[in-house]
Amino acid sequence: MLRLGCGAGFSSDRLEPAIDLAEKGALDYLVFETIGERTLAFGHRDRQLDPKRGYNPQLGARMRGTLAGCKRNGTRIVTNMGVANVGAAAEVVIEVARSQGLDGVTVAAIEGDDVSDLIGPDTILFDNHGKTVAEVGRPVVGANVYLGIDAIMPGLESGADVVITGRVADPSLFLSPLVHRYGWQRDDWQKLGQGTLVGHLLECGMQITGGYFADPGRKDVPRLADCGYPIAEVDERGNCVITKLADAGGMVTPRTVKEQLMYEVHDPTAYLTPDVTADFSGVTVQESGRDRVAVANGTGRKRPDKLKVTVGFDGGFFGEAGVSYAGPNATARAALARDILRDRLAHRPGFTSLRIDLIGINSLHATAHGPRAESADVRVHAAMRSASRDDVATMLWEVESLLCCGPAGGGGYRGQITPSVITHSALIDRDAVRPSVKVFRA
Amino acid sequence: MSRRIKLHEIAHARAGDKGNTSNVSVWVYDAGDYPLLKEQLTPERIKAAYPDLIRGAIKRYTLDHLHGLNFVMSDALEGGVNTSLGLDSHGKSWSFLVLDLDIEVPENRAG
């Protein structure tokens with residue numbers, strides 16, 4: 001039996017329950033999954049601002065919290081916290097190891113996901129109505145291919161305590177330890193499909209132990225504030241039980257597992273990764289004890305010939321700003337503020353993308369249906385993206401100025417400007433990709 | 001005879017995103033409600049309810065043995081997470097758009 005734990009399901013996921021897993025999980029592997037389309041874009045942005053950054057901002061904190069416990073308990077770490085700067089990330093892990101007296105800790109850095117040199121002006125973006133890179137009309141700031149187990153395995157085979165990557169398919173982070181332990185053939189599509197299922201279920205962390213699930217009165221979750229990260233006990237055929245630490249909050253039930261089974265899945269018979277075309281359509285989900293759910297019957301077919309690439313483009317600057325209205329007639333005053341902003345800004349060149357929502361009235365489902373009801377607590381929220389930082393700053397200034405020259409009783413101004421990256425997707429030939437591994441020692 | 005209730009009363013759901021495509025999976029609490037979910041919650045129904053938000057095609061996949069449906073909605077995220085100017089650029093809350101739809105259940109249904 002192999003025990004896999006997940007210590008992060010996204011970039012900003014919680015630290016404390018990961019420390020619990022490192023200390024008490026009796027794990028063979030602890031995996032931190034922290035890259036999304038959004039956070040990869042942030043990685044490129046951070047590296048542009050500082051060549052020594054671009055890895056996960058919580059890497060140092062996570063390693064300080066878990067590395068010693070993992071080393072003591074014989075748990076190896078696999079993570080994509082390298083994001084857009086794997087080499088710099090490996091050095092951070094080495095520094096943490098040295099600072100904690102963990103001499104001899106080894107880190108395998110998996111690179112080769114940066115395929116900027118394979119993306120040209122004529123590259124087709126399949127998610128952008130078939131337009132080419134050139135037709136986007138913005139500078140490319142990065143292009144990362146989804147690597148798979150072929151890239152990660154050499155890191156595991158090196159014996160490294162920590163294997164750190166950039167962009168890899170999320171399930172591959174979990175599948176690679178299974179292939180390493182059980183010696184599954186690289187064309188055993190059934191087992192690779194089932195192992196990919198295990199990875200898919202774990203990769204979003206607490207989304208399978210009660211997170212992103214609670215709906216008071218309908219779906220209550222015990223002690224959600226102390227929710228624990230998931231553990232999978234996986235046998236040599238890939239069959240698994242999803243569970244958690246007994247003293248952690250949250251829960252594992254067939255309902256939490258089913259919701260995660262289809263999370264970000266399109267066709268359940270064809271979940272594409274670099275490793276396999278996984279088929280989740282016949283998966284069985286059976287409660288086998290308290291906070292224990294058995295998952296089996298995932299399978300798969302031959303892996304795709306092409307690999308997916310996320311291409312990041314300079315998106316200029318993103319700015320957002322808000323001001324709030326409360327009490328009697330708040331909705332009308334907020335709506336007046338919105339109309340004033342439109343009058344003052346929308347006619348100017350460069351402000352055509354300005355979007356204004358009323359938080360409390362229509363901010364989330366605004367374009368889905370009309371406003372619902374009055375609210376006594378409404379926030380005007382303006383957002384825009386522009387190549388011109390000055391234009392974005394002008395928008396913030398106009399929102400702040402509403403305090404003195406907008407409707408009555410407006411308060412609580414906040415505004416911020418951040419550099420922005422826009423992403424699209426392309427496909428490239430698998431054979432063109434050359435992953436590499438480099439081992440560092442503390 | 002039948003009566004209308006919110007889908008939220010008989011089902012739970014989860015939303016996810018890839019690029020400008022949103023998917024929402026919908027699961028009945030009670031397996032006995034699955035046939036009426038499958039009959040009434042069609043792609044056409046969702047598209048008709050939210051035409052301005054969900055601009056592309058909607059495809060439905062069924063998981064009969066797990067009593068769930070998976071809706072894949074293209075051009076449904078105002079450009080996607082790195083492009084949209086909306087507050088919920090992932091469409092994390094789209095699950096509750098679907099659960100807000102009405103569903104007809106038999107008058108004598110318990111609960």
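Strands (E, at least two residues) and helices (H or I, at least four) are DSSP runs, numbered from the N terminus, and two strands pair if DSSP finds at least two bridges between them. Click Leu272(A) and you'll find Thr277(A) of β10(A) opposite.

Axes here are lines fitted to C-alpha atoms, for helices over the stretch in contact, and angles run from 0 to 180 degrees between N-to-C directions. Two residues are in contact if their C-beta atoms, placed from the backbone, lie within 7 Å.

A word on what you're looking at: this is a predicted model, where local features need pLDDT of at least 70 and side-chain atom pairs count only at pLDDT 80 or more, while totals for chains, interfaces and linings use all residues. Residues are numbered from 1 along each chain as its sequence is written, with chains lettered from A and ligands numbered from 1 in the order in which they are written.

Next, go to strand β2 (residues 29–32) of chain A. Tyr29(A) and Val31(A) point one way, Leu30(A) and Phe32(A) the other, and all are buried. Buried means 20 or more other C-beta atoms within 10 Å of the residue's own, exposed means 12 or fewer, and partly exposed is in between, with C-beta atoms placed from the backbone. Show β1 (residues 2–8) of chain A as well: β1 and β2(A) pair in the parallel sense over 4 bridges. Tyr29(A) in β2(A) is the bridge partner of Leu4(A).

Zoom out and colour chain A by domain: domain 1 is 2–112 + 147–304, and domain 2 is 311–425. The bounds come from an automatic or database domain assignment. Their C-alpha centres lie 37 Å apart, and the contact takes 4 residues from domain 1 of chain A and 4 residues from domain 2 of chain A.

Now select helix α11 (residues 389–405) of chain A. How far apart are the end C-alpha atoms of α11(A)? They are 24 Å apart, which agrees with the 24 Å that 17 residues should span at 1.5 Å a residue; the expected span is 1.5 Å times one less than the number of residues. The buried residues of α11(A) are Asp391(A), Val392(A), Met395(A), Val399(A) and Leu402(A). They pack against β14 (306–326), α10 (330–345), β16 (377–386) and β17 (411–429) of chain A.

Stop at the loop between β14 and α10 of chain A to find Asn329(A). Asn329(A) isn't a glycine, yet has a positive phi of about 65°. With 14 C-beta neighbours inside 10 Å, Asn329(A) counts as partly exposed.

Over in β17 of chain A, pick Ile422(A). Ile422(A) is buried, with 21 other C-beta atoms within 10 Å. Leaving aside neighbours within four places in sequence, Ile422(A) is in contact with Arg138(A), Phe313(A), Gly315(A), Asn82(B) and Thr83(B).

That brings you to chain B. Here 27 residues of chain B are in contact with 38 residues of chain A. On the chain B side, β2, β3, β4 and β5 each give two or more residues, and the largest share, 5 residues, comes from β2(B).

Select those strands: they form an open sheet of 4 strands, in the order β2-β3-β5-β4 (chain B), with antiparallel pairing. The twist averages 15° from one strand to the next. β2(B) and β3 (residues 21–28) of chain B pair over 8 bridges, and Arg14(B) stands opposite Ser25(B) in β3(B). Lying across β2, β3 and β5 (68–73) of chain B is helix α9 (residues 254–261) of chain A, at about 155° to β3(B).

Finish at Asp75(B), in the loop between β5 and α3 (94–99) of chain B. Asp75(B) also isn't a glycine, and has a positive phi of about 50°.
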